[in-house]
Amino acid sequence: MTMLPSCTQKPIERTIPFEGIENGRELGGLVMPDGRCIRGGMLVRSGNLSKASDGDVAILKERFHLSDVYDFRFDAEAQADPDRPIDGVCITQLSTLPQAFIDGFSSGRADTTQVKAADFMEALARYAFDPRAQLMAKNLYPSIVTDTLSQQRYGAFLRGVLDAEGGVLWHCSQGKDRAGWGAAFVLAALGASRETIVEDFNQSNVFYAPYVDALSARVREMGGGEEELAFIRAMVGVSVENFESTLDLIEAQYGSLSAYLDKALGFTARAQELFKNKCLTI
């Protein structure tokens, strides 16, 4: 596990040793271009909390003093695997997936909410050969960042993090795509470099590598090529290529991620400065 520098503080181990929560890590310890770093014990991204253990809850309460959870899943996902309630913690559901993708996911063509189940992995391998599923995977990130309702909800999320009295956790199903964009927006608001934002996003590929490798092997057995393998990498892990091309799209239209937060998400330059004052330390 990589230990990252954290200004004058002791190094922070970002990966969180959860028992039942997948893909959990904090943003504390990441260093910004101005030399400040994100305070530890404040900002957590993860998969859903449906299987959170007592030990996981203890970590969230004791290490992060958790006050708020933001769930980016749509209704059917949240109802199928509801988050474990945590005393004193407010859980807010803000679906950040455009409706067209909710319809596609609900139809079963590309739902990865049970990615570890052998029968579902076999079905997902078959979906990899569907041109419609391949196109949906390629269009997911641009659709998320350009959808008006998704923009409104990510903006509400950022304002909620700014106003939170304690630590904040945000998640989707696997904690990789929608939660990854949430983390990207948090990091952008804090002034992080593009390199830092991309590296944090890519860490989901480290966590899900065994599942990507296993399913990719199955797709190769079925005669799949690069298009099919790209689908598996995107749906079980994350597509860094698609992520970076979507960052390019944002920067081409708005000039910078910071300007996108202001103009598209309604998280103003003033709010971003307040956010930095709250979350960054020397």
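L162 touches F267, A271, L274, F275 and K278 when residues up to four places away in sequence are not counted; contact here means heavy atoms within 4.5 Å. L162 belongs to helix α6. Helices (H or I, at least four residues) and strands (E, at least two) are DSSP runs, numbered from the N terminus. The relative accessibility of L162 is 18%, so this residue counts as buried; buried means under 20% relative accessible area, exposed over 50%, and partly exposed in between (1.4 Å probe, protein chains only).

The model is predicted: local features need pLDDT of at least 70, side-chain atom pairs count only at pLDDT 80 or more, and totals for chains, interfaces and linings use all residues. Residues are numbered from 1 along each chain as its sequence is written, and side-chain values use heavy atoms, with hydrogens and water left out.

Helix α6, which covers residues 148-163, also holds S150. With a relative accessible area of 1%, S150 is buried. Its contacts, leaving aside neighbours within four places in sequence, are T96, L97, P98 and I144. Toward T96, the side chain of S150 reaches the backbone oxygen at 2.9 Å. This falls under the definition of a polar contact, a pair of N or O atoms within 3.5 Å; within protein, one must be able to donate a hydrogen and the other to accept it, and residues adjacent in sequence count only if both atoms are side-chain atoms.

Q134 is placed in helix α5, residues 131-146. Its relative accessible area is 11%, and Q134 is therefore buried. Not counting residues up to four places away in sequence, Q134 touches A128, F129, E227, E228 and F231.

Most residues other than glycine have a negative phi. N23, which is not a glycine, has a positive phi of about 55°. N23 is found in the loop between β2 (12-13) and β3 (25-26). At 2% relative accessibility, N23 counts as buried. H65 is not a glycine either, and has a positive phi of about 45°. The loop that holds H65 runs between α1 (54-62) and β6 (66-71). H65 is exposed, with a relative accessible area of 55%.

The C-alpha trace spans about 55 × 45 × 35 Å along its principal axes.

Of the 282 residues in the chain, 55% are buried. Among contacts between residues at least 6 apart in sequence, 71% join residues at least 24 apart. The chain exposes about 11,900 Å², of which carbon and sulfur atoms supply 52%; accessible areas come from the Shrake-Rupley method with a 1.4 Å probe, and for residues only the protein chains shown count as cover.
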